Amino acid sequence: MAGLTTTKAPFIEEAQKNGELYIRQPYELYSEENQETWRRLYARIRPKWEKFAHPKFMQGVANLALNPDRIPRLEEINQFLQPLSGFAAKAVSGYVPAYIFFDCLRTRAFPTTVTIRDINSLDYLPEPDIFHDVAGHVPMHTDRRFADVLVRFGEVARSVAEHAQEIRDQEQRVKNVESIIKGMARFFWFTIEFGLMRSGSELKVYGSGLLSSFGEISHCLESPDVQRYPFQMEWVVNQYFEIHHYQPLLYIVDSFDHLFDQVELLEKWILEGRLNNLSPGEPEISEADLASFLDASVRV
Ligand SMILES: [Fe+2]
């Protein structure tokens, strides 16, 4: 049975071929092996969450009633999630262009991958899967303040689109928008995906890339090879990152309020033109990501 294994799912290939971004979660297609993958991923990371995850994340896991034994049905997750923060997980067929992704956040929808990694590669895959998206991201969305951060981030994307309209010179507009997207991607990476947060006298993990990684969740807090610095906007937006190995450099925020304030600051910096010419390097901004912002700037 074909199942819904990442990069090997005919249902997903078909949806992509037909240009369908938003899809249903075809739950009946998960194979027993897919379910076993979820069971193994969950069982081995659960003790690590208890040790390293931010308390709000653990509360989120409990509030969502995440099942250790079965891949979650998004419908059921949303029944718990929506009353708490208004957020909903929304199934997608794969890659979502940057502006559309951020704009979903603005409307409290979280584009969610429904495939699950191959049982033979539990540790690392470059693509997101349902374990990363639902076990790594969605528990944080149960927290109202964290949810507000994501919405605010979506509003910043909209501001960028509006701001881009005002740049008359076409070449300049493309150059500036590309740089701003790079800065936003770096900000997102070093907070929502790989952020650390103070919790009392300790450091805890709230970034989803860390929360869904069996190896990195402990490495990021315990290894002497990792540099951990207080969040500093001028560093974060200029700092390139690579996705294929453990992160050598992470940033710490004090609280969700602190994080929210940083998103506000990000918008201020964008409008002041301070992200127009950032340090080059990763991430490369794809044509589709750039086009998604430029198209939006014509529409808003
Ligand atoms: Fe993610």
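This is a predicted model: local features need pLDDT of at least 70, side-chain atom pairs count only at pLDDT 80 or more; totals for chains, interfaces and linings use all residues.

Biologist: Where is Ala65 placed?

Modeller: In the loop between helix H3 (55–64) and helix H4 (74–85). Its phi is positive, near 50 degrees, though Ala65 is not a glycine. Most residues other than glycine have a negative phi.

Biologist: And Thr7, what is its phi?

Modeller: About 65 degrees, so positive, in another residue that is not a glycine. Thr7 sits in the segment before helix H1 (10–17). Thr7 is partly exposed, with 14 other C-beta atoms within 10 Å.

Biologist: Switching topic. Which residues does the cis peptide bond join?

Modeller: Glu282 and Pro283, with omega about -5 degrees. Pro283 lies in the loop between helix H12 (256–271) and helix H13 (287–299).

Biologist: Now strands. Why is E2 largely enclosed?

Modeller: Because four of the five residues of E2 (residues 109–113) are buried.

Biologist: How many bridges join E1 to E2?

Modeller: Five, and the two strands run parallel. Ala89 has Phe110 in E2 as its bridge partner. From E1 the chain passes through helix H5 (residues 98–106) to E2, a right-handed β-α-β crossover.

Biologist: Zooming out, how many helices and strands does the protein have?

Modeller: 13 helices and six strands. The radius of gyration is 19 Å, which agrees with a compact globule of 300 residues. Buried residues make up 42% of the protein.

Notes. Residues are numbered from 1 along each chain as its sequence is written. The radius of gyration is taken over C-alpha atoms; the globule rule is 2.2 Å times the number of residues to the power 0.38. A residue is buried if 20 or more other C-beta atoms lie within 10 Å of its own, exposed if 12 or fewer, and partly exposed in between; C-beta atoms are placed from the backbone. Two strands pair if DSSP finds at least two bridges between them. A crossover is right-handed if, with the strands pointing away from the viewer, the path from the first strand over the helix to the second runs clockwise.
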